[in-house]
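Colleague: I would like to learn how to read the features of a model like this one by one, with the cut-offs behind each term. Could we go through it together?

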Amino acid sequence: MGVDLEPVGRLCESHVSNRTSLVMLLQETQDKYGYLPREVLKQITREIDVPLARLYGLATFYRSFTLTPRGKHELCVCTGTACHVRGAPTVLQHLQRRLGVSPGETTEDGLFTLVTVNCLGACALGPLLVVDGKYHGKITVGEADELLSSLAEAAQQNPQ
Ligand code: FES
């Protein structure tokens, strides 16, 4: 089944009549679809006559945009210098191995998206793992494992 293109059509109409920026249009589109599907970006090029390459340029320039579906939970490992020297690479490698994904990817079951970030301004808490926006400072591999297990368990009990 293809992606429903009606919502993006409405967003494009509003973009044209309100003269909003392309970035804002992409943000609203991502809010609607959860990510920026290729079919939807193509529809935008038809609706407002903007080159597809321009849309991809913006979508890849801004870190807040994603071209792939996001998981139910986002795991963000800070790889800034302070977190790096305090052990972030070990935590990141462990998460990559356990989940079978690289940063920027989502697990096949759609449960987890793994991302990295460069310094969240909480260096004293390093290594820092942010799970769905909640900071977990001085995280160990064992604690990260427990967090993953409890999220996976909760998802099993309450699928959707
Ligand atoms: S380096 Fe991780 S919060 Fe600053």
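Colleague: At what angle do helix H2 and helix H4 pack, and how far apart are their axes?

Modeller: Axes here are lines fitted to C-alpha atoms, for helices over the stretch in contact, and angles run from 0 to 180 degrees between N-to-C directions. Helices (H or I, at least four residues) and strands (E, at least two) are DSSP runs, numbered from the N terminus. In this case H2 (residues 22–33) and H4 (residues 52–61) pack at an angle of about 75°, with their axes 11 Å apart. Angles under 35 degrees count as roughly parallel, over 145 as roughly antiparallel, 65 to 115 as roughly perpendicular and the rest as oblique, and H2 and H4 are therefore roughly perpendicular to each other.

Colleague: Which residues make the contact between H2 and H4?

Modeller: Two residues are in contact if their C-beta atoms, placed from the backbone, lie within 7 Å. From H2 the contact uses Leu22, Val23 and Leu26, and from H4 it uses Leu55, Leu58 and Ala59. Those residues divide into six nonpolar, no polar and no charged, where Ala, Val, Leu, Ile, Met, Phe, Trp, Tyr, Cys and Pro count as nonpolar, Asp, Glu, Lys and Arg as charged, and the others, Gly among them, as polar.

Colleague: Before we go on, what kind of model is this, and how are its residues numbered?

Modeller: This is a predicted model, in which local features need pLDDT of at least 70 and side-chain atom pairs count only at pLDDT 80 or more, while totals for chains, interfaces and linings use all residues. Residues are numbered from 1 along each chain as its sequence is written.

Colleague: How is the protein chain divided into domains?

Modeller: Domain bounds come from an automatic or database domain assignment, and that assignment gives domain 1 (6–61) and domain 2 (73–157). The C-alpha centres of domain 1 and domain 2 lie 30 Å apart. In the protein chain as a whole there are seven helices and four strands, and from the N terminus on the elements run α-α-α-α-β-α-α-β-β-β-α.

Colleague: What is the order of the strands in the sheet?

Modeller: Strands of a sheet pair through backbone hydrogen bonds, either parallel or antiparallel. Two strands pair if DSSP finds at least two bridges between them. Here an open sheet of four strands has the order S2-S1-S3-S4, with mixed pairing. S2 and S4 stand at the edges, each with a single partner strand, so one side of each is left without a neighbour in the sheet.

Colleague: Which of the strand pairs run parallel and which antiparallel?

Modeller: Strand S1 (residues 73–78) runs parallel to strand S2 (residues 112–117), with six bridges joining them, and Cys78 stands opposite Val117 in S2. S1 is also joined by three bridges to strand S3 (residues 129–131), and these two run antiparallel, with Leu75 opposite Val131 in S3. S3 and S4 are likewise antiparallel and joined by three bridges, Val131 standing opposite Lys134 in S4. Helix H6 (residues 88–99) packs on the sheet and touches S1, S2 and S3, its direction making about 150° with that of S1.

Colleague: What should I look for in the backbone of the loops?

Modeller: Most residues other than glycine have a negative phi, and most peptide bonds are trans. Cys119, in the loop between S2 and S3, has a positive phi of about 70° although it is not a glycine. Asp132, in the loop between S3 and S4, has a positive phi near 50°. A cis peptide bond joins Gly126 and Pro127, with omega about -5°, and Pro127 lies in the loop between S2 and S3.

Colleague: Is Ile139 buried or exposed?

Modeller: A residue is buried if 20 or more other C-beta atoms lie within 10 Å of its own, exposed if 12 or fewer, and partly exposed in between, the C-beta atoms being placed from the backbone. Ile139 counts as buried because it has 24 C-beta neighbours inside 10 Å, whereas Cys119, with 15, counts as partly exposed and Asp132, with 10, as exposed. Ile139 lies in the loop between strand S4 (134–136) and helix H7 (141–157). Not counting residues up to four places away in sequence, Ile139 touches Val91, Pro127, Leu128, Leu129 and Ala144.
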